[in-house]
Amino acid sequence: MKIKGRVWVLTDKSGNLINDIDTDMIFHNRYLAITDINEMGKYALDNLEGWEDFSSKAKKGDIIIAGENFGSGSSRQQAVDCFKALGIALIIAKSFGAIYKRNAINSALPVLEANDVEILRAQSGDVIEVYTETGLIKNLNNGSEVSARPFSTVQKDILDAGGLLEFAKKIKE
Amino acid sequence: MGKTIIEKIFENHTEDEVKPGNIIWLDIDTRTARDFGGPNVVKKLYEYYGEDVQVDDPSRTFFTFDTVAPAKTIPYANNQHFCRQFAKKRGIKVFDVDSGIGSHVAIEKGLCWPGSTFVGTDSHLNILGAVGAFGQGMGDADIAFAFKTGKTWFEVPSTIKIIFKGKPYKFPVTAKDLTLFTLRQLGSKGALGRAIEFYGEVIDNMSLFERITLSSMVTEMGGIIGFITPDEKIIEHFKKVKNNPEIKPVIADDDAEYEKVIEIDISNLKPQIACPPKPDNVKDVREVEGITVDSVFIGSCTNGRYEDISLAAEIFKRFKVKEGVMAKVVPSTREVFGRLLKDGTLDILYEAGVIVSNPGCGGCASGQIGMTGKGEVQISTSNRNFKGKQGDGDTYLASPVVAAVCAVTGEITDPVEFLKQKGVL
């Protein structure tokens, strides 16, 4: 699968990738009572300094690039679903919190780990191409390339099915 | 290349290539849900697969009601009964509110066994590493999937080998002190996303209840699971309850590849205590002696075994609970409760002024017993002291012996000095 899209690089004021973005920064606990996925998008990242207006800027098909340990903290599913609601096509991070990664895969949000993502020299607004089978990521604005860990078979199967519980229907048939 | 314990267990339960970092499909021998999480598992099964949904294998699927047992609120009663009705229609056995903590019931009844795979909605299910089984707590979507398919996906973790050096501890120092001391060395991220294997003379000497204590707190070290290679006694137990002479331990290869090896010297192990508000905020008990104690809670999946409560009874048969202190004991299972009842230990606890409840999780899950009020200082034998976990008060984590001594003196007290002064040691 090839994913092409405009990127949002989650950097701080000095332009460095932000590490340890936790689930309260992604989807704050004051919104936890919200259960309708369509309502969740507008709160995505609204507790991350400098990114409070993310939901109004993001468009369907956009890609997020983040630092280490993205999605650490609680197990709340909303921290994944808020990006699905916005139509985010892919999240690339240097690494993910374990539960976040599990939740993202289970709900069919594509996630990729690219430890050397800085090599892309990507700026918000650049367009990148990602080949999920090989893990190759290309920055179309400056031609630089980096390898991520490709999707595992499991991740691809769940993604193709549209989520873990949809996948269960397939393997029983 | 040799394999670690988790790699060998996984290889016996998958067709995928098992190596650290790979995500594999894992066959799950036993699938469970408790009264916390279980109702959402059932709701998800109905939502995705309809009212007539069947599970993959009812004979390997169980409910274990342990968090609020028996239900103390109407919503909990509704949730439990919702699961009961689902289970009854499908021939799924329910270990109901009289049974006790699910992970302990699994060990006693043989729902797990060395080398088996086991999932449920309890984040401390990795306790099963104490008998060399793979146990894992998961969210409701994952467990619904396991109920429906008998499988789960899992990223193979690398393994850290921990070797304890030095002479084994002896009373009044216990496995809980060793566990807290290990957490003190590793910190809350020391085993993040990794499996652990524990070795050393002290481990070889540990009985089941002590192994349970150590494995139960790998969660607090950030780990996936902590394995202890089962000894002959543990294998015999499972052969007997499973009526299966074939049960064997899964043992790591001599040339297994570990991410790192950590040696921990325990020659001078002293009673340990985890101060609020984090389990890894561990100190020697002596460093915090004198703080007034309002209540103690002895129980939980970490320290609710028969032998744990017997250790506390060693103190309570000599000294009474200080007036004004609440001492609460919650046996982990019905079997534990029965042994305490029949051999007179409950008598000792009663005479000393201890409150004993029916088996279950107790205060850890906002359950029936063990909650604290604002400003209350509690010594708890459980595994978490995060703010609000066991009520509004301040929770210190310690061994059953430390907790019992604190109940007697009404302040944080090192049992070694106390017992020496009283001529017991």
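## A covered helix in chain A

In helix α4 of chain A, the buried residues are A:Q78, A:A79, A:V80, A:D81, A:C82, A:F83 and A:L86. The model described here is a predicted one. Helix α4 of chain A spans residues 78-86, and because seven of its nine residues are buried, the helix is largely enclosed by the rest of the structure.

Which elements surround this helix? The buried residues of α4(A) pack against α1 (23-26), α2 (37-40), α3 (54-57), β2 (63-66), β3 (90-93) and α5 (98-106) of chain A. After α4(A) comes A:G87, which has a positive phi near 80°.

## A covered helix in chain B

Chain B also contains a helix that is mostly covered: in α11 (residues 306-316), nine of the eleven residues are buried. The buried residues of α11(B) are B:Y306, B:D308, B:I309, B:S310, B:L311, B:A312, B:A313, B:I315 and B:F316. An α-helix has 3.6 residues a turn, so residues three or four places apart point the same way.

By contrast, B:D347 is an exposed residue, with a relative accessible area of 52%. B:D347 belongs to helix α13 (residues 345-352) of chain B. In sequence, B:D347 and B:N22 are 325 residues apart, and their C-alpha atoms are 53 Å apart in space.

## Strand β9 of chain B and its partners

Strand β9 of chain B covers residues 195-199; four of its five residues are buried, so the strand is largely enclosed by the rest of the structure. In which sense does β9(B) pair with strand β8 of chain B? Strand β8, residues 159-165, pairs with β9(B) in the parallel sense, over five bridges. Within this pairing, B:T159 stands opposite B:A195 of β9(B).

Strand β9(B) also pairs with strand β10 (residues 225-227) of chain B, in the parallel sense and over three bridges. Here B:E197 has B:F227 in β10(B) as its bridge partner. In a regular strand the side chains alternate between the two faces of the sheet.

## Domains of chain B

According to the domain assignment, chain B comprises domain 1 (5-155), domain 2 (159-265) and domain 3 (274-421). The C-alpha centres of domain 2 and domain 3 of chain B are 23 Å apart. Where these two domains meet, 17 residues of domain 2 of chain B are in contact with 28 residues of domain 3 of chain B.

The size of an interface is often given as the accessible area lost when the parts come together. Domain 2 and domain 3 of chain B bury about 1,800 Å² between them, and 66% of this area is on carbon and sulfur atoms.

## Cysteines without disulfides

A disulfide is a covalent bond between the sulfur atoms of two cysteines. How many disulfides does a search of the whole structure find? Over all chains, the search finds zero disulfides.

## Backbone features in loops

Most residues other than glycine have a negative phi, and most peptide bonds are trans. In chain B, a cis peptide bond joins B:A69 and B:P70, with omega about -10°. B:P70 is located in the loop between β3 (61-64) and α3 (74-90) of chain B. Another cis peptide bond joins B:F171 and B:P172, with omega about 10°. B:P172 is located in the loop between β8 and α6 of chain B.

A:D20, a residue other than glycine, has a positive phi near 55°. A:D20 lies in the loop between β1 (2-9) and α1 of chain A, and at 42% relative accessibility A:D20 counts as partly exposed. B:N243 is not a glycine either, yet its phi is positive, about 50°. B:N243 lies in the loop between α9 (232-242) and β11 (260-265) of chain B, and B:N243 is exposed, with a relative accessible area of 68%.

Methods
Residues numbered from 1 in each chain as written. Chains lettered and ligands numbered in written order. Predicted model: local features only at pLDDT ≥ 70, side-chain atom pairs only at ≥ 80, totals over all residues. Heavy atoms only, no water. Disulfide = S-S within 2.5 Å. Buried < 20%, exposed > 50% of the residue type's maximum accessible area, 1.4 Å probe, protein only. Helix = DSSP H or I, 4+ residues; strand = E, 2+ residues; numbered from the N terminus. Pairing = 2+ DSSP bridges. Domains from an automatic or database assignment. Contact = heavy atoms within 4.5 Å. Buried area = accessible area lost by both parts, 1.4 Å probe.
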